[in-house]
Amino acid sequence: MSKLPIPNSSRTLNSQNSNFVKTAIRSHEAPPSSMDLNPMTRAPMLRRRSKSVADLNSLRNKPVNFNTFKAGLLKSSTTCKQSQAVQKKIVSRDLIGTNLRNKVVQGTKRPAPPNKTADNVGESKPKLAKKLPEWDYKGRFLQLKEKYQEQQEILKILRIKETQYDYVQANCMELEQALKEKENENKILQEKCAGFDQLKRLNSELEKKYEETHVELQTVLQKNKELKEKLNEIQDRLNKITKQFETADKERTDLTKALAFYKEQMLKFELERKILHNTIQDLKGNIRVFCRVRPQLSSELDKIPCRFEFPEDNCLSIGKNRESVNQITGKPTESKTEFLFDRVFSQEAKQNEIFEELSQLVQSALDGYNVCVLAYGQTGSGKTFTMQGTEGERGMIPQTNAMIFEKIALLETLGWTYNVEASFIEIYNENVRDLLNRDNNLKLEIHFNEGRGTTVSNLMKVAVKSPTELEKFMIQASGIRATAATDFNEHSSRSHFVTKIYIEGRNNQKELTYIGSINLVDLAGSESAKQSVQGDRLKETRNINKSLATLGDVIGALHNKAKHVPYRNSKLTYLLQSSLGGNSKTLMIVNVSPLEECFAESVNALRFASKVKEVKMVSKRTKMPLTSISLN
Ligand SMILES: Nc1ncnc2c1ncn2[C@@H]1O[C@H](COP(=O)(O)OP(=O)(O)OP(=O)(O)O)[C@@H](O)[C@H]1O
């Protein structure tokens with residue numbers, strides 16, 4: 001061990017000493033006084049010391065329980081206090097030794113004889129010297145010499161003690177250093193302990209969380225189990241469904257084959273149905289006339305109605321309520337006249353009843369025929385109501401429109417595809433107007449061609465995909481018709497309004513094409529011109545009468561199978577040429593007012609219509625074609 005500098009005597013050990021201090025001090029409490037400088041005797045001391053160092057090192061390396069360590073420190077502090085006491089003793093003895101040395105040098109006093117042991121150096125009582133007489137200089141000299149030797153001995157011992165003290169001081173410093181290190185370690189350990197507490201807290205929190213998670217896990221596991229059971233159930237059901245699906249798929253394949261077969265059959269039946277239907281229509285007559293008497297309106301209750309009788313569903317008699325008297329015979333004149341038509345509809349008849357009959361002709365239009373429906377009658381007799389109707393009582397045009405698209409949807413399932421187009425025309429004062437085009441500069445000219453039928457140059461045709469679309473175009477057309485007139489109601493009753501629907505059906509599988517059309521015509525009022533009427537109104541009336549008369553002539557010529565049919569005598573008949581002759585089908589609905597004041601006009605209209613009824617058109621084609629055809 002290296003020799004350390006002698007510490008300051010006032011320096012004391014810190015009160016917080018460790019076990020190492022205790023151990024070290026114990027090892028130096030009673031060092032062998034004279035053997036310390038001898039290497040032989042020094043060895044056990046060094047061994048003890050090295051043991052202390054080893055203890056220190058082992059303690060350094062050993063994991064320390066903080067509480068035990070603290071207790072040890074408290075114990076060692078007590079021991080350290082003892083060590084301080086020892087140190088003080090040594091210092092006091094050192095002082096005594098120094099004093100003695102000084103006395104010896106000064107030779108003033110005889111020092112006490114030295115004690116052999118270091119412990120009692122300061123405490124040994126000086127031997128009482130034998131009192132020699134003054135004159136015994138020799139004796140006294142010897143006495144002093146002996147005392148000197150004793151003091152020399154003590155000095156020697158004190159020097160050894162001094163060395164030991166240095167040694168202990170050095171040890172104390174080392175131990176102090178070690179103590180400081182331990183204190184630091186202690187601090188670190190305390191910090192670690194604090195960290196450990198935090199870790200403990202975290203650990204308990206984690207444990208708590210673990211418990212919660214464990215519970216959750218149990219729930220999830222339970223749910224998982226239930227889901228697995230459900231999954232198994234679903235799997236079973238899926239297997240069953242898969243089997244059912246396989247069976248159904250097989251059935252579907254069989255049904256698809258059957259469907260193709262039945263479709264084929266249906267197509268054949270459809271063609272046969274067409275033939276039969278049109279044969280029936282031919283038998284019924286290509287021109288049919290219905291009569292409809294409108295009800296008396298609430299605004300007309302103060303007016304006298306005609307007397308109507310309907311003995312059969314195709315027969316009506318009309319008469320006046322107040323019979324006039326023949327001025328020659330003086331007898332009342334018989335006004336009652338009877339008419340026969342294909343169907344007669346009384347005031348109570350609903351729109352649907354009329355359409356039921358018309359629907360057969362709409363079917364013909366879908367089958368490739370040209371159909372013409374004419375609403376005839378005097379102003380206010382109910383033509384527009386019959387053709388257009390109201391929201392709750394839809395007329396012939398909207399019902400035809402709906403039926404066309406319903407039938408198309410059905411026929412498309414049998415492999416048919418349809419193109420529907422529409423145009424709206426007005427004939428006023430023998431002028432043709434396109435009601436979908438506001439451009440008045442475009443000249444509309446009617447042409448007739450045997451192959452293509454009737455066409456109108458510059459006439460706008462719009463493709464229609466649904467009944468709503470057709471209604472939308474119709475509203476648009478009515479708008480244009482109204483804007484041109486100063487008095488719409490007046491104007492509308494003085495012009496013919498034609499709604500034309502073009503229907504083209506194709507069946508690629510059968511290589512068939514049917515082209516049909518349906519003309520829905522709201523004719524101008526049929527009343528004859530009154531003598532008072534002049535100017536523009538007279539011209540209007542003449543034009544209306546001319547066109548209606550030509551209509552009668554055309555039908556008459558067709559009836560008589562005349563070589564020449566005067567279609568071109570009016571714009572109306574020319575426009576309707578392809579729908580009035582040949583294989584076309586015509587329906588005229590004669591509208592009659594119920595009022596007695598309209599009696600004469602009503603009878604005129606009925607006469608005109610019954611004349612039309614007598615016409616039987618000769619169809620150019622009696623058999624339905626089985627290859628591609630165009631009926632125009
Ligand atoms: N069957 C009916 N049921 C109920 N009201 C009807 C019927 N027929 C016609 N009307 C009503 O009678 C009035 C005249 O009918 P409508 O306008 O259809 O006659 P019109 O012959 O078309 O006249 P115009 O030649 O002036 O156009 C209208 O108010 C209409 O609503």
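This is a predicted model: local features need pLDDT of at least 70, side-chain atom pairs count only at pLDDT 80 or more; totals for chains, interfaces and linings use all residues.
Next, select the annotated site. In an unreviewed entry, UniProt places a "binding site" feature at Gly 377, Gln 378, Thr 379, Gly 380, Ser 381, Gly 382, Lys 383 and Thr 384. Two of these positions are worth a stop.

Pick Gln 378, in the loop between β6 (370-376) and α6. Is Gln 378 buried or exposed? Gln 378 has 22 other C-beta atoms within 10 Å, so it counts as buried; the threshold is 20 or more. Beyond its neighbours within four places in sequence, the contacts of Gln 378 are Gly 525, Ser 526, Glu 527, Ser 593, Cys 598, Glu 601 and Ala 605.

Move along to Ser 381, which also belongs to the loop between β6 and α6. Ser 381 is classed as buried because 28 C-beta neighbours fall inside 10 Å. Apart from residues within four places in sequence, Ser 381 is in contact with Arg 294, Asn 591, Val 592 and Ser 593.

Select the helix and check its length. Then show the buried residues of α13: Phe 599, Glu 601, Ser 602, Ala 605, Leu 606, Phe 608, Ala 609, Val 612 and Lys 613.

Now go to Phe 290, in strand β1 (residues 287-293). Phe 290 has 24 other C-beta atoms within 10 Å and is therefore buried. Leaving out residues up to four places away in sequence, Phe 290 touches Phe 341, Asp 342, Arg 343, Phe 345, Ile 354, Glu 357, Leu 587 and Ile 589. For a distance check, draw a line from the C-alpha atom of Phe 290 to that of Ala 375: the two residues are 85 apart along the chain, and the separation is 9.6 Å.

The next stop is strand β7 (residues 417-428), starting with its pairing to strand β12 (residues 496-507). These two strands run antiparallel over 11 bridges. Select Ile 427 and find His 496 opposite in β12. Ile 427 also stands opposite Val 432 in β8. Strand β8 (residues 431-434) is antiparallel to β7 and joined to it by 4 bridges. At the turn of this hairpin there are 2 residues between the strands, and Asn 429 has a positive phi near 50°. A further antiparallel partner of β7 is strand β11 (residues 462-463), joined by 2 bridges. There, Glu 421 is paired with Ala 463.

Finally, zoom out to the whole chain. Its secondary structure comprises 13 helices and 14 strands. Of its 632 residues, 30% count as buried. Among contacts with a separation of 6 or more, 74% join residues 24 or more positions apart.

Notes:
Residues are numbered from 1 along each chain as its sequence is written. UniProt positions are given in the numbering used here, feature names are shortened, and annotations may be inferred rather than shown by experiment. A residue is buried if 20 or more other C-beta atoms lie within 10 Å of its own, exposed if 12 or fewer, and partly exposed in between; C-beta atoms are placed from the backbone. Two residues are in contact if their C-beta atoms, placed from the backbone, lie within 7 Å. Two strands pair if DSSP finds at least two bridges between them.
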